Amino acid sequence: MARPMKIRARLAGDYTDIRVLMAHPMETGQRKVKGKLVPAHFIENVTVKVNGKTVVEAQTSQAVSRNPVFAFRLKGAKQGDKLEISWLDNEGETNKIDGAIA
């Protein structure tokens, strides 16, 4: 199920600051509802691409909060460069957002 994502990418001097909000339940597998464990469901991989080239690849775990916000700082990007951020969770679900550096 595709969940909404929000992205902000701004050029500041030589660096680009990127913030992305990823709507995801991020269940740890330790919470109980009516005595039964809620299965683990969390983002495992986050990938950031600039103009189709992978510039950040991160592995995460269930220790990240619900609806996480990730921030990255890149050097060498230019205003107008195409940006793509995607994630993959432990259940095989994926999501991505495209944008441009402002």
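Predicted model: local features only at pLDDT ≥ 70, side-chain atom pairs only at ≥ 80, totals over all residues.

User: How many bridges join strand β8 to β9?

Analyst: Residues are numbered from 1 along each chain as its sequence is written, and side-chain values use heavy atoms, with hydrogens and water left out. Strands are DSSP runs of E with at least two residues, numbered from the N terminus, and two of them pair if DSSP finds at least two bridges between them. Strand β8 covers residues 82-89 and runs antiparallel to β9, and the bridges that join them number 7.

User: Which residue in β9 is the bridge partner of lysine 82?

Analyst: Strand β9 spans 94-100. Within β9, lysine 82 has as its bridge partner alanine 100.

User: What is the strand order of the open sheet?

Analyst: The pairing is antiparallel in this sheet of 4 strands. At its edges are β6 (53-59) and β9, each pairing on one side only. From one strand to the next the twist averages 15°, with axes as lines fitted to C-alpha atoms and angles running from 0 to 180 degrees between N-to-C directions. The order is β6-β5-β8-β9.

User: Which residue takes a positive phi in the hairpin of β5 and β6?

Analyst: These two strands pair in the antiparallel sense over 6 bridges, and lysine 49 stands opposite threonine 54 in β6. The hairpin has 2 residues between the strands, and the residue with a positive phi, near 50°, is asparagine 51.
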